[in-house]
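Colleague: Could you take me through this model, beginning with the fold and ending with a ligand?

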Amino acid sequence: MSNLLVTGGAGFIGANFVHYWMETYPQDKVVVLDALTYAGNKANLDPVAQNPNFVFSHGNICDTALVETLLKEHHIDTLVHFAAESHVDRSITGPDAFIETNIIGTHSLLKAAKKIWLDEGLNEENHRFHHVSTDEVYGTLGPEDPAFSETTPYAPNSPYSASKAASDHLVRAYHHTYGLEVTTSNCSNNYGPYHFPEKLIPLVITNILQDKPLPIYGDGQQIRDWLYVEDHARGIDLVIREGRLGECYNIGGINEWANIDIVKLICSLMDKAFAEDPTLAARYPQASLAKQGNSAELITYVKDRAGHDRRYAIDPARSNNELGYQPIETFDSGIAKTVTWFLNNESWWRAVMDGSYRDWIEQQYTGREG
Ligand code: NAD
Ligand code: DAU
């Protein structure tokens, strides 16, 4: 039995991880600490909100005293750190929040964990700080370059990836200097349920449903390596249980796609869904091009992202060989599930679009709070 503190658990990957963990290890206690920034959505935690083993704490990872209290009060042995500013475009227009949360916030967690676990000795022999990071810390690849491995030198190019690289180094330093028991995972692009619709895949799906343009940055030939979000959760689980202390593990499923190809694929899946299910046209009267089977007409080339990395690709050999990691979803199955999830969860993404998902400010949280 374990007591987990999950930071950023109301965000996209954190929430999927919490669902996965509480289903896989129903005896464990899961405490979510989340500041509910624009990317945090308490509805993402609705499936577990009434579970007696779930606790929600609304707070900031930079609040070291709060983190210390949570570690002590809930006898936490495992801290899984997702909380971050995560969107590259926002880091270009407003980097300060990325420095604050991703660097100072990670350091605040490390300080609290060191104090409670090492200095005060709670769970001294049995603790884990797992840091969730990204493949973007390795920079960008040319078309023929080998995929990123754990020994690829760090070369972050955006304020987002630079802030994540800094946090990775701090985690490593707390292991090397103080003996904090840490692991880090660096994952490729995730997709799936609860994905915030500022990111490419959910943006394209929800824009098709509203007959809005599908913006393609630059020539659309940039390559990303996509992994279904639950396969990321499975990978983190393996790293926490089997990973070597102080090590980093790349998580990915060898699934490289050019942006324009992925957008065209989603257009064809949406057209097919509308052709096969006549109720969709009535449910989504705005989606006139999908109804006609012509979603791809919405594709619109726009100005490129500043400093846009050309290609990411993960070499998952270490997690495959050492941990036996393999994703379960194929891209066909994962993207089909994702399209279906957005079609069936209109109220979720509409609430994000119209801002009503932020009504938590006025409403009392209905789950268990700690
Ligand atoms: P997200 O933006 O969807 O969610 C981030 C969550 O963190 C939100 O719930 C937000 O409210 C919370 N948060 C932000 N600042 C906070 C603070 N100061 N204190 C407490 N909570 C705070 O992000 P995501 O896409 O779910 O990514 C989660 C983690 O995984 C991040 O660390 C990201 O770098 C990493 N990652 C993401 C991807 C991806 O494809 N999305 C891939 C690899 C790694
Ligand atoms: O690689 C892992 C990273 O993946 C994570 O660390 C980040 O947190 C996560 O946001 C994601 O970063 P990307 O920048 O790769 O994801 P995004 O969905 O923003 O963009 C994917 C690609 O699509 C990228 O090449 C930019 C492009 N794009 C994006 C948007 C939003 C477009 O062409 N048009 C768009 O409107």
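Predicted model: local features only at pLDDT ≥ 70, side-chain atom pairs only at ≥ 80, totals over all residues.

Colleague: What is the strand order in the open sheet?

Modeller: The order is β3-β2-β1-β4-β5-β6-β10, seven strands with parallel pairing. Strands are DSSP runs (E, at least two residues; helices are H or I, at least four) numbered from the N terminus, and two pair if DSSP finds at least two bridges between them.

Colleague: Why is one side of β3 and of β10 left without a neighbour?

Modeller: β3 (54–58) and β10 (248–251) are at the edges with a single partner strand each, so one side of each has no neighbour in the sheet.

Colleague: And which helix lies across β2?

Modeller: Helix α2 (residues 64–73) does, and also lies across β1, β3 and β4, at about 175° to β2. Angles run from 0 to 180 degrees between N-to-C directions of axes fitted to C-alpha atoms, for helices over the stretch in contact, with contact meaning heavy atoms within 4.5 Å.

Colleague: Changing topic, which side chains have a polar atom by an oxygen of ligand 2?

Modeller: Among them is Y160, at 2.6 Å. For R224 the distance to an oxygen atom of ligand 2 is 2.9 Å.

Note on methods:
Residues numbered from 1 in each chain as written. Chains lettered and ligands numbered in written order. Heavy atoms only, no water. Polar contact = N/O pair within 3.5 Å; in protein donor to acceptor, adjacent residues only side chain to side chain.
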